[in-house]
Amino acid sequence: MKKGYFITFEGADGCGKSTQMNLLAQYLLKNGYEVVLTREPGGKGLGEKIREILLNYDGEVSPRCESFLFLADRAQNIDITVNPAINAGKIVLCDRHIDSTVAYQGYGRGLDIEKIVYLNNLAVNGRKPDLTFVYDIDVETSMKRVGTEKDRMESAGKDFHNKVRHGYLELAKQEPDRIKVVDGTNSVEEIHKKTVEIFNLLLDRDNFENR
Ligand SMILES: Nc1ncnc2c1ncn2[C@@H]1O[C@H](COP(=O)(O)OP(=O)(O)OP(=O)(O)O)[C@@H](O)[C@H]1O
Ligand SMILES: [Mg+2]
C-alpha cells in the first residue's frame, strides 16, 4: 500500500496557499495519488462550526478561549480527517496548521512559543507534517493581493505582519528538512513547478531511506 503523507501550506494572507494547494492536488490526482484537502480552522463537521465561531463570533472572546478553540479544532481535524486518511495511504494537504499558530500568536502577538508548542503537541497527539511549504511574500504584496480585506490587514499593522513573516523564516531555519520556503512573488506556474519539485524530493528521500 502507498504511504500516506501530511503536507501543510503556510504563509501570509494572500501568499498563494489555496492556489498552490489546489494545483498540487490536481497534479497528485493526475499521478494516481488519493488526496484529501483540509484546512485549519475548519476541516469538516464540527471543525466548520468552530471555524465559524472563530471567524464570525462578535461578542467578547478571551484570548485563552480563542487559543483553546484553535487547538480543539486542530485535535478534531487530526483525529477525524488527517490520521484516518494517512493510515489509508492518502496524501493530506492542509491549509494552515501548527506553524500558523507559532508565527501569528507566537512571533506576531508575542505569546510564549514554548507553551504554544507544548499545547499543540497535546492537540496533535504526535502527528507532525512530513512537509510544509511557506510561500514567502512581503507585506505590501500580501496587502495588494487580499484587496478588499486590506482594511483588516492594515488594522493588524505592518509591524505585526513583518513579525509573522520573520517568524515563518525563523521556523524554516530551525527545521530545514520539513519546512521549505518558496518565493511567493514569482508566477503561479513557477511556484507550482517548484512545489512539485520539492514534493518529489520528499518521495525520493523516503524511497532512498526505505531501500
Ligand atoms: N504567484 C502569484 N502571483 C500573483 N497573484 C497570485 C499568485 N498566487 C496567488 N495569487 C492571487 O492572490 C490572491 C490570493 O491567493 P490565494 O487565495 O491562493 O492565497 P492564500 O494564501 O490562500 O490567501 P488567504 O490567506 O487569504 O486564504 C488570489 O487572487 C490569487 O489569484
Ligand atoms: Mg486561502
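Visitor: Hi! In what order do the strands of the open sheet come?
Guide: Hello! In this predicted model, the order is β2-β3-β1-β4-β5, with 5 strands paired in the parallel sense.

Visitor: And which are the edge strands?
Guide: Those are β2, residues 35–39, and β5, residues 179–183. Each of them pairs on one side only.

Visitor: How much are neighbouring strands turned against each other?
Guide: On average by 20 degrees, with direction ignored.

Visitor: What holds paired strands together, as a rule?
Guide: Strands of a sheet pair through backbone hydrogen bonds, in either a parallel or an antiparallel way.

Visitor: Let's look at β1. How many of its residues are buried?
Guide: The count is 7 of its 7 residues, so β1 is mostly covered by the under 20% relative accessible area cut-off for buried. Both faces are covered: Tyr5, Ile7, Phe9 and Gly11 lie on one side, while Phe6, Thr8 and Glu10 lie on the other.

Visitor: How many bridges join β1 to β4?
Guide: There are 5 bridges between β1, residues 5–11, and β4, residues 131–136, and the two strands run parallel. Within this pairing, Ile7 stands opposite Leu131, and Gly11 stands opposite Tyr135.

Visitor: What about β1 and β3, parallel or antiparallel?
Guide: Parallel, over 5 bridges.

Visitor: Which strands does helix α3 touch?
Guide: Helix α3, residues 63–87, packs on the sheet and touches β1, β2 and β3. The direction of α3 makes about 160 degrees with that of β2.

Visitor: And where does helix α8 lie?
Guide: α8, residues 158–174, lies across β1, β4 and β5. Its angle to β5 is about 130 degrees.

Visitor: Back to α3 for a moment. Is Asn83 buried or exposed?
Guide: Asn83, which sits in helix α3, is buried, because its relative accessible area is 19% and the cut-off is under 20%.

Visitor: What is Asn83 in contact with, leaving aside neighbours within four places in sequence?
Guide: With that exclusion, Asn83 is in contact with Ile78 and Arg127. Asn83 and Gly4 are also worth a look: they are 79 residues apart in sequence and 9.2 Å apart in space, C-alpha to C-alpha.

Visitor: Changing topic, where is His97?
Guide: His97 is in the loop between β3 and α4. With a relative accessible area of 1%, His97 counts as buried.

Visitor: Which residues is His97 in contact with, beyond neighbours within four places in sequence?
Guide: The list is Phe6, Thr8, Glu10, Glu40, Arg74, Ile78, Val124 and Pro129.

Visitor: Last one: which residues form the nonpolar patch on the surface?
Guide: Ile53, Tyr57 and Val61, with about 280 Å² of accessible area together. Ile53 is in helix α2, residues 46–56.

Visitor: Why does Ile53 count as partly exposed?
Guide: Because its relative accessibility is 42%, and partly exposed is the class in between buried, under 20%, and exposed, over 50%.

How values were computed: Residues numbered from 1 in each chain as written. Chains lettered and ligands numbered in written order. Predicted model: local features only at pLDDT ≥ 70, side-chain atom pairs only at ≥ 80, totals over all residues. Heavy atoms only, no water. Pairing = 2+ DSSP bridges. Helix = DSSP H or I, 4+ residues; strand = E, 2+ residues; numbered from the N terminus. Axes fitted to C-alpha atoms, helices over the stretch in contact; angles between N-to-C directions. Contact = heavy atoms within 4.5 Å. Patch = residues over 30% accessible without salt bridge, like charges linked within 9 Å, V, L, I, M, F, W, Y side chains within 5 Å. Areas by Shrake-Rupley, 256 points an atom, 1.4 Å probe, with all protein chains shown as cover. Salt bridge = Lys/Arg side-chain N within 4 Å of Asp/Glu carboxyl O. Buried < 20%, exposed > 50% of the residue type's maximum accessible area, 1.4 Å probe, protein only.
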